[in-house]
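Please keep the sequence and the structure in view while reading.

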Amino acid sequence: MAHNLIDDTGGGTWADRAQQGELWEMARARSSDSFNGANPYGWAEVLTASGMGPYSVVSVADYNEALRAAARAIAETGRPVGLVMWSGRHAWVMSGFESLGDPSVFPDFQVTGVRVLDPLYPYGSGQWGPSPEPNSLLSPEQLATQFVVREPRRWSSGLPAGYLLVLPGPAS
């Protein structure tokens, strides 16, 4: 989903099973300690390697600061942010936000809404709740029901416990 939001080459979308499988296998190959899946490091590396980056994985201890970091990155780069959901078990894409104050002007701006995409839509999770419709605008309180601190035991990242983001950085 992040790739499709970023790619402006006019090559169409990466939506068919073969293309999605290719991206998944690339992410798995770049992920260690991933429970046979892909972890956020693999996700960031694939976005970077496929020309959509650079991306990096960060852990932010405070929820509101994590939202501000994600919104600031979108405002600065024009690219989506990865949100590591469900204590490190799932991933959503943050494609936009609403705020009180402009992130480029006010360091203490407040995020009031988050636009998200969940690859499991319309199914969701019995434990974590339903998936929002694509491009839904969630309040920070709604997002907080599924965007929670990663369990450090889930996979060893070397990062401190916190809210994990796959953040776009400035183009080099």
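The paragraphs below describe a predicted model.

Begin with the nonpolar residues. The largest nonpolar core holds 27 residues, and Val81, Leu83, Met94, Leu143, Phe147 and Leu165 have the most contacts inside it. At least two residues of this core come from each of α4 (63-77), β2 (81-85), β3 (90-100), β4 (110-117) and β6 (163-168). Helix α4 gives the largest share, 8 residues.

Apart from neighbours within four places in sequence, Met94 is in contact with Ala70, Ala71, Ile74, Pro80, Val81, Leu83, Val114 and Arg115.

Now turn to the charged side chains. The whole structure contains 2 salt bridges. In one, Arg68 pairs with Glu65, with 3.0 Å between the closest N and O atoms. Both residues, Arg68 and Glu65, sit in helix α4, 3 residues apart, or about one turn of the helix. Glu65 also forms a salt bridge with Arg72, at 3.6 Å from N to O.

Arg68 counts as buried because its relative accessibility is 17%, under the 20% limit. Glu65, with a relative accessible area of 28%, is partly exposed. Arg72, at 22% relative accessibility, also counts as partly exposed.

Technical notes: Residues are numbered from 1 along each chain as its sequence is written. This is a predicted model: local features need pLDDT of at least 70, side-chain atom pairs count only at pLDDT 80 or more; totals for chains, interfaces and linings use all residues. Side-chain values use heavy atoms; hydrogens and water are left out. A nonpolar core is a set of buried Ala, Val, Leu, Ile, Met, Phe, Trp, Tyr and Cys residues joined through side-chain atoms within 4.5 Å. Buried means under 20% relative accessible area, exposed over 50%, partly exposed in between (1.4 Å probe, protein chains only). Helices (H or I, at least four residues) and strands (E, at least two) are DSSP runs, numbered from the N terminus. Contact means heavy atoms within 4.5 Å. A salt bridge is a side-chain nitrogen of Lys or Arg within 4 Å of a carboxyl oxygen of Asp or Glu.
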